[in-house]
Amino acid sequence: MTKLTLSRALNEGMRRALEADPKAMIMGEDVGKLGGVFRVTDGLQKDFGEHRVLDTPLAESGIVGTAIGLALRGYRPVCEIQFDGFVFPATDQIVSQLAKMHYRSRGRVTLPVVIRIPFGGGIGAVEHHSESPEVFFAHTPGLRVVACSDPAEAFAMIQQAIACDDPVIFFEPKRRYWDKGEVDTAAPLEDALPLDKARTLLPGDDVTVLSYGALVRTCAEAAVAAREDGRSVEVIDLRSLSPLDMETITASVSRTGRCVVVHEAPVYAGLGAEIAARVTEQCFYHLEAPVLRVGGFATPYPPAQLEDHYLPDLDRILDAVDRSFAF
Amino acid sequence: MTVQNGGATTVAPQDSELIQLLTPEGERNDNPDYPLGDVDIKGMYRDMVMVRRLDTEAIALQRQGELGIWASLLGQEAAQIGSGRALSPKDMAFPSYREHGVAWCRGLDPVRVLELFRGVTSGAWDPEEHKFHLYTIVIGDQTLHATGYAMGIQRDTAEDEAVIVYFGDGATSQGDVSEAFAWASVFNAPVVFFCQNNQYAISAPQERQSRIPLYQRSRGFGFPGVRVDGNDVLACYAVTKQALRAAREGQGPTLIEAFTYRMGAHTTTDDPTRYRLASELEAWRLRDPIERVRSYLARTGQANAAFFEQVDAEAKELGARIRAACRELPDPPPMTVFDHVYSGANAILDAERAEYQAYLDGFEEAAR
């Protein structure tokens with residue numbers, strides 16, 4: 001076991017992938033000499049060379065578009081999009097090309113491209129640096145969408161994503177980059193939880209709280225606080241946003257009878273809506289209360305001095321848990 | 001030649017900036033900068049006749065309801081056959097959606113292309129088998145794929161390979177094309193940008209896309225651009241051959257603007273009479289890419305009447321074959337809608353597949 005920050009765990013995971021597969025490569029803005037604006041790729045160019053860790057021109061569509069070409073040539077590019085709000089210039093290449101090529105070619109073409117995106121708020125940034133665009137990609141067939149939440153998860157998941165033959169949109173909770181955690185870097189990757197599975201972080205009996213990314217930790221803290229009120233909260237880290245691991249979700253909600261979904265992205269038409277619909281269909285006779293959602297408002301991401309109001313925090317999560325019990 | 005068209009003006013390029021090796025009258029005009037070498041002109045003629053026949057047949061099939069839509073290549077045969085024949089077997093081509101002539105040069109059965117326009121596949125040929133990527137319909141996207149592929153060639157140190165990417169005059173306004181130019185330039189990628197300027201992006205004339213001739217666009221990105229008579233198969237061949245050689249030799253990208261004309265509609269849903277004059281089409285008919293080669297071959301005695309009759313017979317045969325094959329293309333089985341979204345299992349999709357199968361089975365049970 002080694003104590004690593006989430007950022008370092010990702011770095012170690014990518015280093016493993018670069019060592020294991022000569023076709024794996026890293027590309028993006030400032031990922032080489034600088035090591036990325038969050039230093040996630042620190043030192044990789046020095047050790048693997050400029051051909052494998054590539055500082056690109058400043059053009060997100062170009063990053064993803066050329067990554068597609070490299071993948072067609074047999075490479076496994078890992079693209080870094082510097083911030084969540086900068087992924088939109090690449091949306092056409094992701095949605096119209098990357099996601100569809102396997103289908104259009106009736107399986108003849110595979111595009112093992114990973115697109116890493118630091119996402120979410122809470123770091124006091126200027127606009128376009130705190131967004132949660134995951135649902136745009138979860139809504140796009142052909143993509144796998146995942147979010148890691150702690151160092152151990154990050155270490156395994158980034159390696160699994162790079163090894164995956166499908167395109168993977170890989171969300172990293174940027175305000176947790178500096179969180180430290182124990183990582184077993186010696187554990188075989190085959191023993192890690194599969195990339196498309198959710199993880200029960202804290203077991204509980206009274207209510208299921210589902211989240212992903214940065215808010216997993218907040219939900220765990222809320223569960224501890226709720227214990228003082230005599231409520232047993234089960235916290236599930238979704239990890240995979242597309243596909244959703246409904247098996248794990250429904251097994252839990254069928255037992256607890258209550259479900260709260262928590263994310264930073266706007267509640268309206270967010271992932272919580274999809275989960276609520278599916279839980280209602282599949283756990284209807286077990287539910288004691290409607291599925292509740294806690295998330296961002298139907299507003300653009302606000303200026304930094306307002307983000308504490310916008311972002312779900314421990315109290316808003318507990319409030320939703322309370323409301324769930326009011327039914 | 002100046003032709004008025006609905007407020008815009010199509011100006012034929014100055015002779016000084018246009019590479020032309022065979023005049024519209026069928027006169028050879030060799031250029032020491034673009035040596036032709038040992039070139040199979042009769043083969044080029046045959047290819048152009050064949051793909052024009054394919055085009056005529058496909059339009060007819062669309063009119064008969066056998067194809068949903070067709071994007072005609074009429075008038076662009078020389079640009080496509082000339083450049084397509086310049087490729088070596090290992091070179092990779094990235095088409096847009098009108099490159100039926102290049103597909104032909106890459107040995108792709110035209111029926112595979114018809115499948116796409118009939119709606120039975122999304123054009124599911126094997127790109128690596130033919131070194132011919134899938135058609136790309138979102139304008140300009142493929143220029144980045146080609147550039148990335150070329151960057152892969154650099155990493156493989158495969159010095160005998162290059163990439164060519166096809167796009168149109170309208171595409172030059174797309175951001176992705178500018179990004180591809182920038183990337184190819186700074187990485188010195190072995191890619192040839194082959195722009196068929198057919199004068200129209202559906203209804204928008206080329207003047208709506210650019211104030212400068214398109215081939216000059218590359219200059220600001222730091223690599224050469226050349227304008228070639230896109231209706232001259234010899235010039236398209238020689239210029240493309242040279243650009244591919246330069247790419248393979250490590251000299252980086254070239255932009256080729258093939259100055260041509262879309263003689264037909266944008267697609268079978270389009271009505272060009274709403275935005276251009278018949279006189280313009282007539283003027284371009286005099287520059288027909290096939291006629292000038294025929295004149296040249298006949299006048300110089302390189303081909304006789306028997307040759308032309310033979311080619312016409314082969315074209316007729318091709319037409320009959322693809323007409324029959326197109327009509328016989330089966331609709332894909334319903335459950336294939338779920339195939340190949342992902343390379344492995346996907347719980348959400350797999351559940352939908354099972355549900356829809358059960359739904360369909362319900363009808364069969366009810367009918368029993």
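Into which domains is chain A divided? In this predicted model, chain A consists of domain 1 (2-191) and domain 2 (199-325).

**View 1. Domain 1 and domain 2 of chain A.** Taken over C-alpha atoms, the centres of domain 1 of chain A and domain 2 of chain A are 26 Å apart. Contacts between them involve 24 residues of domain 1 of chain A and 20 residues of domain 2 of chain A. On the domain 1 side, α6 (134-138), β6 (144-147) and β7 (168-173) of chain A each contribute at least two residues. The largest share of that side, 4 residues, belongs to β6(A). By residue class, the domain 1 side comprises 10 nonpolar, 7 polar and 7 charged residues.

**View 2. The side of chain B that touches chain A.** Here 34 residues of chain B meet 37 residues of chain A in contact. At least two residues of the chain B side come from each of α6 (141-155), α7 (175-186) and α12 (347-367) of chain B. With 11 residues, α6(B) provides the largest share. The chain B side holds 17 nonpolar, 11 polar and 6 charged residues.

**View 3. The largest nonpolar core.** This core has 190 residues. Helix α8 (residues 233-248) of chain B gives the most to the core, 10 residues. V163(B) and I256(B) have the most contacts inside the core.

**View 4. Surroundings of V163(B).** Neighbours within four places in sequence are left aside. Beyond these, V163(B) is in contact with D91(B), M92(B) and F94(B), with A146(B), Y149(B), A150(B) and I153(B), and with P190(B) and V191(B).

Methods:
Residues numbered from 1 in each chain as written. Chains lettered and ligands numbered in written order. Predicted model: local features only at pLDDT ≥ 70, side-chain atom pairs only at ≥ 80, totals over all residues. Core = buried A, V, L, I, M, F, W, Y, C linked by C-beta atoms within 7 Å. Buried ≥ 20, exposed ≤ 12 C-beta atoms within 10 Å, placed from the backbone. Contact = placed C-beta atoms within 7 Å. Nonpolar A, V, L, I, M, F, W, Y, C, P; charged D, E, K, R; others polar. Domains from an automatic or database assignment.
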